[in-house]
Amino acid sequence: MPRLPDPPAPDLPTPDSPAPDVPAAGPPISGRTRLFAVLGDPVAQAKAPALLNPLFAASGVDAVLVPVHAPADRLDEVVRGLKAVANLDGLLVTVPHKLAMCGHADELSDAAALLGSTNALRREPDGRWYGDNFDGAGFVRGLAAAGHHPAGLRVALAGAGGAGLAIAAALLTEGAAALTVTDPDRGRVDALLERLGTRWPGRVAAAPRPPSGVDLAVNATPLGLDPADPLPFDPAPLAPGALVADIIMTPAETPLLRTAAALGLATHPGIHMLTEQLPLYRSFFRLPG
């Protein structure tokens, strides 16, 4: 039977377009295909395969990114096995593994070392694993692309985990005037304050709930992945003109964003954070331009 021609690969998504449901067609997987994996628990919500696989295809790279559901209590076991795969070149990391994965890197970037959190690791030519964190950079790039510049903003951040740490540091680096963080895990809040407070004294503090008088309120928790989740915070007390941002990507319109929009507040969905990391991943994984 004659082979049907491959369908044309779709354009890469932009921050203004939703993530595609199906990865773009690329070279057929063969014995030469290089492997990448995204680790999460859960991982079904991960958009990285739908974005990185078209990037590989557009770059002419024979590689594929696959989701790996790595239960938190078996993460070390899963990562040891993956590192033993000789044609595995890189790992992406999603909730809740960003803090723990630092222990699996042989070397960390300055950003990842400051945060104690990594969301991308690559295998170096000598076999060592190098980790970096692009969550914060992706988030602020996404804000700027949508016309929201962090300089001078008063920010309320819900979530002091790996993503929250990265976003907090990036916002402060870009000139946010003040940042308050809330998280039910006081130990994580204290760790964030210890890491960031000395670098940005007087600009980062803890709060039992997001203050009402802020310009930007961010959900950096996993709340919203499950439709039954409670809201990470109540947007009703926020002042008119405040922007509500969520890092959850599935669903695109989370209950938090839907509630905020119904109150007349501006919203910023999570997909921007990932799409704005694409050029950073291209450089990090040394993909052709």
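The structure is a predicted model. Helix α5 (residues 162-173) packs against helix α6 (residues 186-197), and helix α4 (residues 135-145) also packs with α5.

**Annotated segment**
- An unreviewed UniProt entry places the feature "domain: Shikimate dehydrogenase substrate binding N-terminal" at residues 38-120.

**Packing of α4 with α5**
- The axes of α4 and α5 are 7 Å apart and form an angle of about 55 degrees.
- That angle makes α4 oblique to α5.
- The crossing of α4 with α5 is right-handed.
- On the α4 side, the contact involves Asp-135, Gly-136, Ala-137, Phe-139, Val-140 and Leu-143, which meet Ala-163, Ala-166, Ile-167, Ala-170 and Leu-171 of α5.
- By residue class, this α4 and α5 contact comprises 9 nonpolar, 1 polar and 1 charged.

**Packing of α5 with α6**
- Between α5 and α6 the angle is about 30 degrees, with an axis separation of 11 Å.
- Angles under 35 degrees count as roughly parallel, and α5 and α6 are therefore roughly parallel to each other.
- α5 and α6 also cross in a right-handed sense.
- From α5, Gly-164, Leu-165, Ala-168, Ala-169 and Leu-172 contribute to the contact, and their partners in α6 are Leu-192, Arg-195 and Leu-196.
- The residues in this contact of α5 with α6 are 6 nonpolar, 1 polar and 1 charged.

Notes
Residues are numbered from 1 along each chain as its sequence is written. This is a predicted model: local features need pLDDT of at least 70, side-chain atom pairs count only at pLDDT 80 or more; totals for chains, interfaces and linings use all residues. Side-chain values use heavy atoms; hydrogens and water are left out. Axes are lines fitted to C-alpha atoms, for helices over the stretch in contact, and angles run from 0 to 180 degrees between N-to-C directions. Helices (H or I, at least four residues) and strands (E, at least two) are DSSP runs, numbered from the N terminus. Angles under 35 degrees count as roughly parallel, over 145 as roughly antiparallel, 65 to 115 as roughly perpendicular and the rest as oblique. A crossing is left-handed if the near helix is turned anticlockwise from the far one by less than a right angle, and right-handed if clockwise. Contact means heavy atoms within 4.5 Å. Ala, Val, Leu, Ile, Met, Phe, Trp, Tyr, Cys and Pro count as nonpolar, Asp, Glu, Lys and Arg as charged, and the others, Gly among them, as polar. UniProt positions are given in the numbering used here, feature names are shortened, and annotations may be inferred rather than shown by experiment.
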